[in-house]
Amino acid sequence: MRKKAKKIKKEMDILSGIPWVYSKKVRQHFLQPKNFMKFGEEKKFKYNAVGMIGSPACGDVMKFWLWIDPKTERIKKCRWRTFGCASAIASTSVLSEMITKNGGMTLDKARKITPEDIIKELGGLPAIKYHCSVLGDKALRDAINDYYRRTKQYNKIEPGGSRIIDKVLKITERDIEKAIIEGATTLEKVQKKTKVGFGDPKCLPLTEELIKFYKEKYNL
Amino acid sequence: MKRFYFDYAATTPTRPEVIKVMKSFWKKYFGNPSSLYYEGRLAKTALTNARKKIAKIINVSPEEIIFTNGGSESVNLAILGSVNFYKNQFRRPEIIVSQIEHPAVLETAKYLEKNGVGVISLNVNKNGIIKLNELKKKINQNTLLISIMYANNEIGTIQPIQKIARIIKYFRQKNKTIFPLFHTDACQAAGYLDIKPKKLGVDLMSLNGSKIYGPKATGLLYKRKDLELTPIIFGGGQEMDYRSGTENVPGIIGFTKALELSQNERNKEVPRLKKLQKYLIANLLKRIPKIIINGDLKNRLPNNINISILDIEGEALLLKLDELGIAISTGSACHSQSLKPSHVLEAIGLPHEFIHGSLRITLGKYTTKKEVDYLIQSLEQVVQSLRELSPLSLKEK
């Protein structure tokens with residue numbers, strides 16, 4: 001009897017280790033998201049910065065509410081909402097933890113967070129899903145700009161530190177340059193990495209020019 | 001954890017009756033049908049009888065049935081085989097397909113297009129049905145083949161195959177030609193509709209086993225007797241030279257049984273599923289705000305429900321339901337390898353933001369009302385939790 005059970009177990013070896021779609025950390029944050037804005041909480045939550053990025057048509061929209069301590073300019077509290085797939089939800093959730101832990105991140109540090117930082121924190125993402133977390137850092141930067149606008153520190157506002165190419169998704173020239181350096185040498189590949197043009201299709205001719213320019217610049 | 005399967009259009013479990021008839025063909029009767037000795041003759045007899053049985057079920061001659069390794073292969077053979085065989089009779093051969101065909105058809109058409117064959121894609125209306133007037137206008141002297149699916153795999157809409165066949169027949173008579181040939185992909189229809197090629201008026205028809213509780217990687221292509229095809233797989237000349245390779249005897253035996261049972265039970269199963277479908281739609285509309293039903297409600301398979309749930313995204317929905325034991329499918333871009341949203345939902349004019357929140361529920365033989373109730377309750381709960389996370393509030397047109 002035991003022999004038979006052992007035999008069946010051996011035969012089922014082929015089924016061992018069924019993976020989930022993403023990493024454990026993504027699963028955890030997707031199923032138990034942290035710091036999101038609950039129904040009815042909008043009126044109670046005290047904030048002094050709001051940022052939003054994305055469009056429903058391209059499949060991801062992220063919104064951040066921040067409470068920034070005006071004295072220390074650290075992010076003390078945050079809330080978010082995300083429309084998007086599991087990795088988009090998880091990446092916003094993990095980002096919300098990154099910026100509020102240990103007494104809150106300074107705004108200077110927070111606006112330097114890159115998609116790669118978020119992906120690393122998540123324990124990796126499939127390459128095709130990179131754009132989901134590309135948006136989280138941009139929503140955050142949008143919120144930080146909003147804070148500077150509200151506090152009239154206009155000189156500190158940076159549209160991502162570079163010229164904005166896609167107005168809707170706030171994809172900058174630097175984002176495109178980076179994608180090209182990382183090997184995205186066609187419009188299709190750059191779009192896959194950055195989503196440029198998904199928000200504002202009118203920027204595609206300009207994007208193509210930029211691709212040509214940077215390809216020549218870096219001899220790609 | 002108990003699982004609740006709502007993706008019968010993706011594939012079906014193999015039913016016990018099918019497994020039972022296949023059993024002896026794995027080990028006991030394992031012979032190669034091409035061998036002359038006893039084991040071979042036995043396998044050959046089983047194969048011949050299976051072919052005869054299917055021929056009887058769909059009212060064709062046995063030599064009109066080519067067994068293949070599945071639906072995609074049947075479709076490839078129908079399209080590539082006929083185009084390759086007949087293309088020299090045309091100055092510039094063309095094929096006509098609908099926008100909402102299965103990728104097996106669309107990708108084959110794309111391949112042909114790269115090789116100089118004209119491909120005309122027919123629009124569908126917002127209910128997911130092709131426009132016959134447009135078809136009439138597009139048929140011309142260069143049309144070699146028309147391939148229109150019988151029932152759609154995503155939204156379950158049923159195309160007017162007989163009417164299309166009449167248009168084609170009229171064109172042939174008027175122009176004294178045997179073209180265009182007419183192929184239909186009937187894989188999704190086989191469990192629920194009348195699939196007799198002569199009654200439908202088709203020259204070629206693809207069927208498979210994995211959608212009708214038969215084994216995976218089994219299928220057939222019906223080919224009208226007087227037509228020819230260039231094979232796409234070459235070798236020992238099995239299947240009357242149309243499809244080389246040792247026949248999958250257990251698979252064919254199982255597929256035959258599955259087709260026989262599903263056609264026999266169709267008259268009982270269709271009303272049962274229709275009732276469940278109606279119940280499910282009514283309750284979803286009642287209990288979940290802001291949802292849209294996609295595709296024609298009347299000309300539709302009885303097991304298909306396709307909805308868009310506003311303000312949330314399909315992949316997240318799918319994975320949340322998966323946690324609750326529910327297996328279900330979405331047309332969202334995030335779900336696909338290419339990050340492209342469903343081409344079928346695009347074709348019926350659904351905006352991208354609605355496609356992202358689309359859900360395909362397909363019922364089947366083992367779906368009970370209790371399971372449907374569990375689905376409704378789970379969906380209500382999951383939609384609420386994802387809407388709480390969402391910054392959107394879209395308007396229903």
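A residue counts as buried if 20 or more other C-beta atoms lie within 10 Å of its own, as exposed if 12 or fewer do, and as partly exposed in between, with C-beta atoms placed from the backbone. The exercises below use a predicted model, in which local features need pLDDT of at least 70, side-chain atom pairs count only at pLDDT 80 or more, and totals for chains, interfaces and linings use all residues. Residues are numbered from 1 along each chain as its sequence is written, while chains are lettered from A and ligands numbered from 1 in the order in which they are written.

**Exercise 1. Find out how α9(B) is covered and what covers it.**

Step 1. Start with the naming: helices (H or I, at least four residues) and strands (E, at least two) are DSSP runs, numbered from the N terminus.

Step 2. Count the burial. Of the 10 residues of α9(B), 8 are buried, and the helix is mostly covered. The buried ones are B:Gly314, B:Glu315, B:Ala316, B:Leu317, B:Leu318, B:Leu319, B:Lys320 and B:Leu321.

Step 3. Look for the cover. It includes α2 (24-31) and α3 (86-100) of chain A, together with β10 (304-309), β11 (326-327), β12 (358-362) and α12 of chain B.

Step 4. Walk off the end of the helix. Just after α9(B), B:Gly325 has a positive phi of about 90°.

**Exercise 2. Describe how α9(B) and α12(B) pack.**

Step 1. For α9 (residues 314-323) and α12 (residues 369-389) of chain B, the angle is about 130° and the axes are 10 Å apart.

Step 2. Classify the angle. Under 35 degrees is roughly parallel, over 145 roughly antiparallel, 65 to 115 roughly perpendicular, and the rest oblique. The two helices α9(B) and α12(B) are therefore oblique to each other.

Step 3. Assign the hand. A crossing is left-handed if the near helix is turned anticlockwise from the far one by less than a right angle, and right-handed if clockwise. The crossing of α9(B) and α12(B) is right-handed.

Step 4. List who touches whom, taking two residues as in contact if their C-beta atoms, placed from the backbone, lie within 7 Å. From α9(B) come B:Ala316, B:Leu317, B:Lys320 and B:Leu321, and from α12(B) come B:Ser378, B:Val382 and B:Leu386.

**Exercise 3. Trace the neighbours of β3(B) and β5(B).**

Step 1. Begin with burial. In strand β3 (residues 94-98) of chain B, 5 of the 5 residues are buried, so the strand is largely enclosed by the rest of the structure. B:Glu94, B:Ile96 and B:Ser98 point one way, B:Ile95 and B:Val97 the other.

Step 2. Find the partners, where two strands pair if DSSP finds at least two bridges between them. β3(B) pairs with β4(B) (residues 118-122) in the parallel sense over 5 bridges, and B:Val119 is the bridge partner of B:Ile95.

Step 3. Follow the chain between these strands. From β3(B) it crosses through helix α4(B) (residues 103-114) to β4(B), in a right-handed β-α-β crossover; right-handed means that, with the strands pointing away from the viewer, the path from the first strand over the helix to the second runs clockwise.

Step 4. Move to β5(B) (residues 143-147), which runs parallel to β3(B) and is joined to it by 4 bridges. Here B:Ile146 is the bridge partner of B:Ile96.

Step 5. With 5 of its 5 residues buried, β5(B) is largely enclosed by the rest of the structure. Together with helix α6(B) (residues 161-175), β5(B) and β6(B) make a right-handed β-α-β unit.

How values were computed
Axes are lines fitted to C-alpha atoms, for helices over the stretch in contact, and angles run from 0 to 180 degrees between N-to-C directions.
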